[in-house]
Amino acid sequence: IAYDDGERETRVAKRLIRSKDGGGSSSDSFREGDKIEARYRGREKYYPGKIDRDRRDGTYDIAYDDGERETRVEGRLIRAKESSSSSSSGEKFYLGDKVDARYRGREKYYPGKVGRAHADGTYDIDYDDGERETRVSKRLIRSKDGGSGSSDKLEEGDKVEARYRGREKYYPGKITRDRGDGTYDIAYDDGEKETRVEERLIRKRERGSSRSRSRGADDRLSEGDKVEADYRGRGKFYPGKITRDRGDDTYDISYDDGEREIRVAKRLIRKMGGGSDSFREGDKIEADYRGRGKFYPGKITRDRGDDTYDIDYDDGERETRVAKRLIRSKEGSGGSSKLEEGDKVEARYRGREKYYPGKITRDRGDGTYDISYDDGERETRVEERLIRKKDRDRSRSRSRGGDDRLSEGDKVEADYRGRGKFYKGKISRDRGDDTYDIAYDDGERELRVAKRLIRKLDGGGGSDSFREGDKVEADYRGRGKFYKGKISRDRGDDTYDIAYDDGERETRVAKRLIRKLDGGSSGDSFREGDKIEADYRGRGKFYPGKISR
């Protein structure tokens, strides 16, 4: 015997074989393409799908409506979907009938009409797209008018929401063309266009809105909804969003902390909904530019209608489709105790007693935060009780004369290796634990020098803001060496663009990495051509020469 699934068997006893037509009661036999419900993996609940393949041994392969697949499912675990059986059995087609047919036996139906009816129950089909097919089996054809109640049929001009490019979120728009093969062209409200969008990625707009008006349908969940869900049923709710509606009151969820969970029961999910935080065009806001963790001021120039916005930043930059979660109202930023992504903070690293400076890089949404420390360390899921805002501290240091506070770039003298003699240099790195890395003027470097071994050279006066055109020195790319240049642009957020004298350019240089050129004690500055003596390589002996640059 050559089996339909490709297997072969020799010398099979007659008693183990039965004629195909005389086989068991056809009431529970199914055909490929039949719409059915089956008990997925033998569980108690039936899930809708269709027969993908008849194995001819009383088992079937099933393609479920939610995207799952299962092979060799026993017939006893399958039941016919009542609505599907009636039309295909006794129906006969005639020349010219408009039909949908599964071209070459594929899963998708294409529109066309009957070109010829054969005496053996097969038909020739002329498809609307110009293709022709002969002797198509009756089971692969359905009458075009025999579709289900037309209220959910999509038509040109319908206002809809669709998952743009198959993404998880629905965007509003309207049907501009029905392709006649179960796909549609859509013009989105934000100006985008998309062709041949599958019907499963589209939902009618009216249906959802009218229902929600009448019953305040907060309990209706849709793909893209922001929710809280009881992760693995442990009793604690975590924020996330619906990524897939399985169609059987279970949902797939992508949690804000990066976890994923599939087939979560509806009873374990609740909508997050507080809607009053939407923005309007023209609103002054602060936004996390490109999601880098730092907020920049600007204003809303366009509301895309899908919780994303276009923004014009005050420094001249532009950004489109910025997610709502990356934007905060400029006026409403004062709830001082609330921690947000980008906030400068101090935290007790690994729960230790001492606070270390850093910034919030991620709000996990469950009262914990990820922190990037100023000394390069990172820590995830730090509890809120172990964190305090940095600004709180800054005001405290002003009131108690915080002139002993050292910053990167400060000119200092330090007791090199604790030997009792102080050498000039500058702070190249603040480790955040009251130790500092120092680059000495003679070329030496020392790491983690205790604050008690360092003293400031010239208590650096406070009028250290810069203007466009100011001549400065800046620590190029934070490498520890200062190069001359001038301020070409003030970004308005304590960062500056610099045009260096050697032709290099650098954007958004932090204020702490810049110092004014004219701020030195002018009597000991030198000019090119000056005759001098210099301590060659810091060996202690001076040699005559002249300044060449």
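**Reading the surface, the charges and the contacts**

A: Lys226 is partly exposed, since its relative accessible area is 45%. Keep in mind throughout that the model is predicted.

Q: Where in the chain does Lys226 lie?
A: Lys226 is part of strand E16, which covers residues 226-230.

Q: Which residues form the positive surface patch?
A: A patch of this kind joins residues of like charge that have over 30% relative accessible area and no salt bridge. Here Lys226, Lys241, Arg260 and Arg325 form a positive one. Lys226, at 45%, is partly exposed.

Q: What is the accessible surface of the protein chain, and what percentage of the residues count as buried?
A: The accessible surface comes to about 34,900 Å², and carbon and sulfur atoms hold 41% of that. Buried means under 20% relative accessible area. Of the 549 residues in the protein chain, 36% count as buried.

Q: How many helices and strands are there?
A: The protein chain has three helices and 42 strands.

Q: How many salt bridges does the structure hold?
A: Side chains of opposite charge can pair when their charged atoms come close. The structure holds 34 salt bridges.

Q: Which residue forms a salt bridge with Asp66?
A: Arg263 does, and the closest N and O atoms of the pair are 2.2 Å apart.

Q: Is Asp66 buried or exposed?
A: Asp66 counts as buried, because its relative accessibility is 6% and the cut-off for buried is under 20%.

Q: Are Arg364 and Asp370 buried or exposed?
A: Both Arg364 and Asp370 are buried. Arg364 forms a salt bridge with Asp370, and their closest N and O atoms are 3.0 Å apart.

Q: Which residue pairs with Glu383 in a salt bridge?
A: The partner of Glu383 is Arg385, with 3.0 Å between the closest N and O atoms. Glu383 counts as partly exposed at 37% relative accessibility. Arg385 is exposed, because its relative accessible area is 57% and exposed means over 50%.

Q: Where is Thr134, and which residues does Thr134 touch?
A: Thr134 is in strand E9, residues 132-137. Leaving aside residues up to four places away in sequence, Thr134 touches Tyr123 and Asp124. Thr134 counts as exposed, at 57% relative accessibility.

Q: How many residues apart in sequence are Thr134 and His118, and what is the C-alpha to C-alpha distance?
A: Thr134 and His118 are 16 residues apart in sequence, and their C-alpha atoms are 9.6 Å apart in space.

Q: What percentage of the contacts in the protein chain link residues 24 or more positions apart?
A: Among contacts with a separation of 6 or more, such residues account for 39%.

Conventions
Residues are numbered from 1 along each chain as its sequence is written. This is a predicted model: local features need pLDDT of at least 70, side-chain atom pairs count only at pLDDT 80 or more; totals for chains, interfaces and linings use all residues. Side-chain values use heavy atoms; hydrogens and water are left out. Patches are made of residues with over 30% relative accessible area and no salt bridge: like charges are joined within 9 Å, nonpolar side chains (Val, Leu, Ile, Met, Phe, Trp, Tyr) within 5 Å. Accessible areas come from the Shrake-Rupley method with a 1.4 Å probe; for residues, only the protein chains shown count as cover. A salt bridge is a side-chain nitrogen of Lys or Arg within 4 Å of a carboxyl oxygen of Asp or Glu. Lys and Arg count as positive and Asp and Glu as negative; His and the chain ends are not counted. The place of a charge is taken as NZ of Lys, CZ of Arg, CG of Asp or CD of Glu. Helices (H or I, at least four residues) and strands (E, at least two) are DSSP runs, numbered from the N terminus. Buried means under 20% relative accessible area, exposed over 50%, partly exposed in between (1.4 Å probe, protein chains only). Contact means heavy atoms within 4.5 Å.
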